[in-house]
Amino acid sequence: MVLKGSYLYATVLKYPEGGIVNIQSLAEKDASKLPHFHGIIKDISILGFDEKPSWNRTEDGLEITTDHISSDKPVVFKLLID
């Protein structure tokens, strides 16, 4: 992952066939349990694709779901954070 300004870029090297990506390091955690990510995710887009993913952040991870993304190349998610 790369942080630049208000954006965090997460790269998926091998995109799953089912279209569901789970990023455990971005799970919703209690602030007292450092060193976990505590930022607020405002929006997610996918570089090079028009599809708007749906997403849900839980204690298990940030789950991003797509319906039409298929790639044999790495896929980059652009997360707007606060």
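This is a predicted model: local features need pLDDT of at least 70, side-chain atom pairs count only at pLDDT 80 or more; totals for chains, interfaces and linings use all residues.
Strand pairing comes first. In general, strands of a sheet pair through backbone hydrogen bonds, in a parallel or an antiparallel sense. Alanine 10 faces phenylalanine 77 of strand 7.

Another open sheet has three strands in the order 3-6-5, again with antiparallel pairing. Its edges are strand 3 and strand 5 (54-57). Each of these has a single partner strand, so one side of each is left without a neighbour in the sheet. The twist here averages 15 degrees from one strand to the next. Strand 6 (residues 62-65) runs antiparallel to strand 3, and four bridges join them. Isoleucine 20 has threonine 65 in strand 6 as its bridge partner. Strand 5 and strand 6 are also antiparallel, paired over four bridges. There, asparagine 56 is the bridge partner of glutamate 63 in strand 6.

Side chains in a regular strand alternate between the two faces of the sheet. Strand 3 (residues 20-23) has a covered face formed by Val21 and Ile23. Its uncovered face carries Ile20 and Asn22.

Charged pairs were examined next. Side chains of opposite charge can pair when their charged atoms come close. A search of the whole structure finds four salt bridges. One of them joins lysine 42 and aspartate 82, with the closest N and O atoms 3.8 Å apart. Lysine 42 belongs to strand 4 and aspartate 82 to the segment after strand 7, so the pair ties together parts 40 residues apart in sequence. Aspartate 82 counts as exposed because its relative accessibility is 58%, and the cut-off for exposed is over 50%.

Aspartate 43 forms a salt bridge with lysine 52. The closest N and O atoms of this pair are 2.3 Å apart. Aspartate 43 has 31% relative accessibility and so counts as partly exposed. Lysine 73 forms a salt bridge with aspartate 72, the closest N and O atoms lying 3.8 Å apart. Both lysine 73 and aspartate 72 are exposed.

Notes. Residues are numbered from 1 along each chain as its sequence is written. Side-chain values use heavy atoms; hydrogens and water are left out. Two strands pair if DSSP finds at least two bridges between them. Helices (H or I, at least four residues) and strands (E, at least two) are DSSP runs, numbered from the N terminus. Buried means under 20% relative accessible area, exposed over 50%, partly exposed in between (1.4 Å probe, protein chains only). Axes are lines fitted to C-alpha atoms, for helices over the stretch in contact, and angles run from 0 to 180 degrees between N-to-C directions. A salt bridge is a side-chain nitrogen of Lys or Arg within 4 Å of a carboxyl oxygen of Asp or Glu.
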